[in-house]
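Visitor: I would like to learn how to read features in a structure like this. Can you take me through some, one at a time?

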Amino acid sequence: MRRTLLAGLIVGSLVLLGGGWVGYRGWQARAHLLNAAGLAQQLSAEVMGSDVDRARRTLAALQEQAGEARAATGDPGWRVGQHAPYAGDDLGAVRQVAVAIDELARDAFPTLLRADLSTLLPGKGRLDVARLRTVSSQLTETDEVVRRARDRIAAVPTTGLVGQVRQAVTDLRAEIDQLATLTGGADQAARLLPTLLGADGARRYLMVSQNPAELRATGGMFGAYAVIEAEAGVLRMGEQSSVGGLGQFDLASKLSPEVRNLYTDLVGTYPADVNLTPDFPTAAALFRQMYTERSGTTVDGVLAVDPVVLSYLLRATGPVTVPGHTTLVSDKVVRTLLSDTYQRLDQKGQDEFFAASASAVFSAFFTRDVNPRAFLSALDRAIGERRILFWSAHQAEQRVIVGNRLGGSLPDQEKVPTVGVFLNDGSGAKLGYYLRPSATLTVGECRPDGRRLLLLRFTLHSTAPARGLSPSVLGLGLAGDPYTARTLVSVYSPAGGAVLTSRLDGVALRVGSGTERRRQAVIATVEVRPGATRTLEVDVLTGKTGSGDGDLWLTPTATPWTTQIKSAPHCDQ
Amino acid sequence: MRLTRIIMALTVGLAVVAAPTGAGAAQPQPTPSQPNSQPTAYPPQPPVLTVNPSTIIIGETATLTGAGFGLNEAVQHAVSSAPLAIGQRNQAPARRGDGSTVAMAPVAYQAAAPLLFTVQADAAGRFSVPYTPSVTGRLTFTAVGLTTGRTASATLTVLPRSQPTPSRLPVTGDSIIGTSLTVGGGLLGVGVVLTLAGLAWRRRRLDAGTN
């Protein structure tokens with residue numbers, strides 16, 4: 001009897017001691033992990049601020065903390081504890097979190113820190129391709145480390161975990177998912193870029209500028225274009241000309257029946273209309289073919305940009321003086337280029353001014369000491385807003401680009417149901433500068449057939465004056481009154497979805513319709529008088545989804561959109 | 001933690017190769033309308049053929065409306081259809097030689113709606129005609145003015161009637177089963193230990209009582 005009591009006491013003390021030990025180690029691990037989280041935040045700020053020395057010290061501290069956390073969760077007591085009922089899975093989860101963070105700190109972050117951004121900036125008109133190749137192989141390794149960490153955390157079951165631990169695992173999962181998307185993208189880009197820049201043979205691209213004053217679905221009518229030649233990282237700007245000079249073509253028979261049904265033969269006839277469709281690869285391939293037919297030379301891809309990109313870049317360079325003309329300032333450049341120029345100059349003057357602006361900004365980048373950080377965030381924003389688009393004529397490259405925002409491709413499948421609202425000018429004028437679009441997307445009821453209702457409310461306001469605009473702004477004035485902007489609004493359902501009914505200012509509206517890439521599209525004619533606002537409401541069905549999220553894909557305009565998305569709970573909740 | 005920003009900085013860094021091309025962005029030379037204007041204007045026109053509403057449920061009627069055809073012109077309509085195939089993105093619809101699509105499995109609903117019919121435009125070149133489809137799917141109407149040769153098309157989505165809501169099956173992911181097994185196993189283990197301990201205790205008390 002006494003012996004059993006003694007044995008019980010010993011076992012009890014051991015369990016208590018063990019529990020205490022594991023608890024103590026857990027408390028230690030928690031402190032180290034919290035420190036690591038703080039340091040990671042500090043590290044990212046320092047990297048963004050190009051403060052390399054301090055970032056190195058922070059990284060060293062981060063590695064130490066992560067290592068301690070890993071050690072704290074790696075002793076035998078902890079391992080035994082993982083088999084205990086109730087708390088075992090929590091201990092296991094904390095262990096996995098500590099290991100994942102330690103691996104990232106030791107194997108992923110140092111590479112990212114070594115990849116010095118400033119060496120990637122083009123100096124003396126060229127980019128160091130060999131250096132880029134080195135960075136590329138480092139990135140591939142980093143990407144593998146991040147993937148491993150992601151798989152590790154993805155394998156941790158979250159049901160049954162204590163609230164705090166579950167939250168930590170869920171947060172880390174989201175962070176690492178995002179990180180993996182980015183390293184994956186960076187890895188692909190770094191592998192692709194040397195080839196694109198002519199490391200494996202000279203390349204030739206068409207760079208077109210989209211003009212949001214006369215709207216097209218991908219941003220604006222193709223205006224000027226330039227041939228860019230790339231060889232071993234050196235970029236040269238070749239022939240420059242105006243798209244209008246290319247004339248007319250007979251490529252309607254090459255169009256897909258879907259595009260032809262929705263946007264007529266115009267898409268294959270005028271270079272100014274290739275981007276009536278929002279699918280940039282379609283527009284770019286057509287434009288390339290038109291250029292080849294006219295010039296006899298082929299190009300390897302098409303790059304599209306708009307003047308708003310220039311306004312972002314001017315923020316990095318500071319004001320740029322155009323000799324013989326005005327000074328370009330970031331805040332005013334869109335107005336200068338898209339409005340004032342048409343008012344002030346005749347067509348010949350406009351062309352001269354635009355060409356002079358181009359070369360002025362171009363030389364500013366190579367002569368001034370531009371802050372890389374400001375410059376990078378300008379580019380990042382422009383790509384995010386789909387104002388820089390790229391298409392490669394080489395299939396293997398295009399397969400990589402197509403999944404990226406830069407590719408501007410209308411996907412035929414998606415995770416979040418996405419409604420497209422695309423604007424094409426129907427007045428033949430340059431009134432796009434005065435338009436202020438906004439859109440609200442509300443996620444509605446779940447339907448028994450597995451689809452979900454989405455309500456789009458689109459408004460278009462015109463700030464155009466009622467008189468005083470020059471003939472080159474008013475253009476063809478197809479809406480009757482030359483000051484009234486006629487916009488053909490294409491509303492695309494999510495992939496696999498459908499468009500139900502459309503109302504303009506509350507009255508049922510007859511709309512054109514068709515399909516493109518598994519989406520039903522309708523085209524509504526919206527005419528806005530100076531100072532007026534029109535409201536278009538469209539009810540849309542998703543494909544089969546339970547998701548309560550929604551997203552919008554919009555034509556980038558001269559003045560950014562005002563948007564709002566009202567999500568709802570998932571249908572299973 | 002904002003680990004992502006570190007990578008973001010790097011990704012954008014790579015985008016820097018666009019720098020010289022980015023400078024090219026400085027030439028937004030908007031071309032005003034085509035210099036040598038052709039008879040066909042380049043700006044897109046409002047739709048010529050519309051079908052409203054754009055989506056109906058089988059059995060309902062949509063209205064086809066045309067405008068801009070020849071005065072009193074006969075306008076021929078051809079109807080082709082493709083299955084909805086929601087969620088089956090790799091399934092391409094069957095294609096005719098001219099590129100139009102045909103339904104692979106049309107579901108007969110009632111007396112078949114005509115797939116080819118002619119409508120007379122009025123003195124202003126307009127027409128309006130009801131259409132009640134007999135199949136579900138995406139129906140594409142192609143209208144051809146028999147005198148002017150003017151062509152236009154519109155697409156109607158025809159949904160099947162809603163089936164009664166299928167009873168939702170519980171989500172039984174591997175991880176959930178795995179976890180419940182772990183938890184269940186743990187509980188079972190605890191239960192066994194408690195029972196054994198309880199038995200041993202009682203025995204001891206009984207023993208003590210008899211002693």
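This is a predicted model: local features need pLDDT of at least 70, side-chain atom pairs count only at pLDDT 80 or more; totals for chains, interfaces and linings use all residues.

Visitor: In what order do the strands of the open sheet in chain B run?

Guide: For a sheet, read the strand order, then the pairing sense. Here five strands of chain B form an open sheet in the order 2-10-9-4-7, with mixed pairing. Strand 2 (55-57) and strand 7 (116-120) of chain B stand at the edges. Each has a single partner strand, so one side of each has no neighbour in the sheet. On average, neighbouring strands in this sheet are turned by 30° against each other, direction ignored.

Visitor: In which sense do strand 2 and strand 10 of chain B pair?

Guide: Parallel. Strand 2 pairs with strand 10 (residues 151-159) of chain B over three bridges. One residue pair to look up is Thr55(B) with its bridge partner in strand 10, Thr157(B).

Visitor: Where is there a cis peptide bond?

Guide: First the general rule. Most peptide bonds are trans. Now the case here. Asn52(B) and Pro53(B) are joined by a cis peptide bond, with omega about -5°. Pro53(B) sits in the loop between strand 1 (49-52) and strand 2 of chain B.

Visitor: Which residues other than glycine have a positive phi?

Guide: Again, the general rule comes first. Most residues other than glycine have a negative phi. Thr264(A) has a positive phi of about 65°. Thr264(A) lies in the loop between helix 7 and helix 8 (266-269) of chain A. With a relative accessible area of 40%, Thr264(A) is partly exposed. Another case is Arg386(A), whose phi is near 60°. Arg386(A) is in the loop between helix 13 (372-384) and strand 7 (389-392) of chain A. At 14% relative accessibility, Arg386(A) counts as buried.

Visitor: Which cysteines does a disulfide join?

Guide: Look at the sulfur atoms. The whole structure has one disulfide over all chains. The disulfide joins Cys446(A) to Cys571(A), S to S 2.0 Å. The link is left-handed, with -95° about the S-S bond.

Visitor: What does the pair of Cys446(A) and Cys571(A) tie together?

Guide: Locate both ends. Cys446(A) lies in strand 9 (residues 435-446) of chain A, and Cys571(A) in the segment after strand 18 (562-566), so the pair ties together parts 125 residues apart in sequence. Cys446(A) is partly exposed at 33% relative accessible area. Cys571(A) is buried at 17%.

Visitor: Is Asp250(A) buried or exposed?

Guide: Compare the value with the cut-off: exposed means over 50%. Asp250(A) has a relative accessible area of 67%, so this residue is exposed. Asp250(A) lies in the loop between strand 3 (234-242) and helix 7 (257-263) of chain A. Asp250(A) and Tyr270(A) are 20 residues apart in sequence, and 8.8 Å apart in space, C-alpha to C-alpha.

Note on methods:
Residues are numbered from 1 along each chain as its sequence is written. Chains are lettered from A and ligands numbered from 1 in the order in which they are written. Side-chain values use heavy atoms; hydrogens and water are left out. Helices (H or I, at least four residues) and strands (E, at least two) are DSSP runs, numbered from the N terminus. Buried means under 20% relative accessible area, exposed over 50%, partly exposed in between (1.4 Å probe, protein chains only). A disulfide is a pair of cysteine sulfur atoms within 2.5 Å. Two strands pair if DSSP finds at least two bridges between them. Axes are lines fitted to C-alpha atoms, for helices over the stretch in contact, and angles run from 0 to 180 degrees between N-to-C directions.
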